Amino acid sequence: MPLNYSSDVDFIDQSLSFMIEVEADNESEFALRKSEFIDTNKVEDMLASLTVPAIGKVCKAGVWKADIYNKLKTAFGVDRCIGFDCYDYLDNGDDSVTIGDFRTIHSNHNQDIALFWNGLGGWDTNTSSKQVGLDYAYSNLVSGGYYIDLMYLEGHPSLDAYPNFVDVSNDLFRIYRMA
């Protein structure tokens, strides 16, 4: 069944493998912009500009095909990185990726986080997942740790509820540093 973009039901609740359809939709903003982040050094350049704390894991929620996750592993080391996804898009037995709905499994993985990348879909299409990711990051980031999201994703909540976040965003990336 095709994804219903106008539904209030999160994509993950319409289909666990929703990213297959999102990627195939050549008109989606994701399809139009993904190469901007995957096929360039913009992620690496942004990561190199951050002073990521030495303690804590580097977490990518929403690993998908691991394009950005692999960039994180290259930058911070395989042993330091953990990933989560609702569907095993990789099908390669990567032990660092936990498969499950982040909304229900996140509380089993509370730990010190140095950097959290919220790749749990769009704010307009996966609101509940994105919110759980943001709240998880806020609860688990160490002092000086970073929350990262893509700037073009609309519907991001106000920082008013997150007083310990300092906005250090740029044109492409929404970046919050934990005070």
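This is a predicted model: local features need pLDDT of at least 70, side-chain atom pairs count only at pLDDT 80 or more; totals for chains, interfaces and linings use all residues.
**View 1. Lys71 and its partner Glu44.** Lys71 sits in helix α5 and Glu44 in helix α4, so the pair ties together parts that are 27 residues apart in sequence. Glu44, for its part, is partly exposed, at 30% relative accessibility.

**View 2. Lys73 and Asp94.** Here's another salt bridge, with the side chains of Lys73 and Asp94 meeting at 3.0 Å, N to O. Distant parts of the chain get linked this way: Lys73 belongs to helix α5, while Asp94 lies 21 residues away in the loop between β2 (81-85) and β3 (97-99). Lys73 counts as buried, at 14%, whereas Asp94 is partly exposed, at 21%.

**View 3. Helix α3 and what covers it.** Phe30, Ala31, Glu36 and Phe37 are the buried residues to look for in α3 (residues 29-38). Their cover includes α2 (18-24), α4 (42-48), α5 (67-76), β5 (141-150) and β7 (173-178). Glu36 also makes a salt bridge with Arg33, at 2.9 Å from N to O. These two are three residues apart in the helix, about one helical turn. Arg33 is partly exposed, at 23%.

**View 4. Trp117 in the core.** The largest nonpolar core holds 57 residues, and Trp117 is among those touching the most other members, along with Leu115, Phe116, Tyr147, Ile148, Phe165 and Phe173. Beyond its neighbours within four places in sequence, Trp117 has contacts including Val43, Met46, Lys60, Leu72, Ile148 and Phe173.

**View 5. A charged network.** Asp10, Asp13, Asp101 and Arg103 are joined by a network of salt bridges. Across the whole structure, the search turns up nine salt bridges.

Terms used
Residues are numbered from 1 along each chain as its sequence is written. Side-chain values use heavy atoms; hydrogens and water are left out. A nonpolar core is a set of buried Ala, Val, Leu, Ile, Met, Phe, Trp, Tyr and Cys residues joined through side-chain atoms within 4.5 Å. Buried means under 20% relative accessible area, exposed over 50%, partly exposed in between (1.4 Å probe, protein chains only). Contact means heavy atoms within 4.5 Å. Helices (H or I, at least four residues) and strands (E, at least two) are DSSP runs, numbered from the N terminus. A salt bridge is a side-chain nitrogen of Lys or Arg within 4 Å of a carboxyl oxygen of Asp or Glu.
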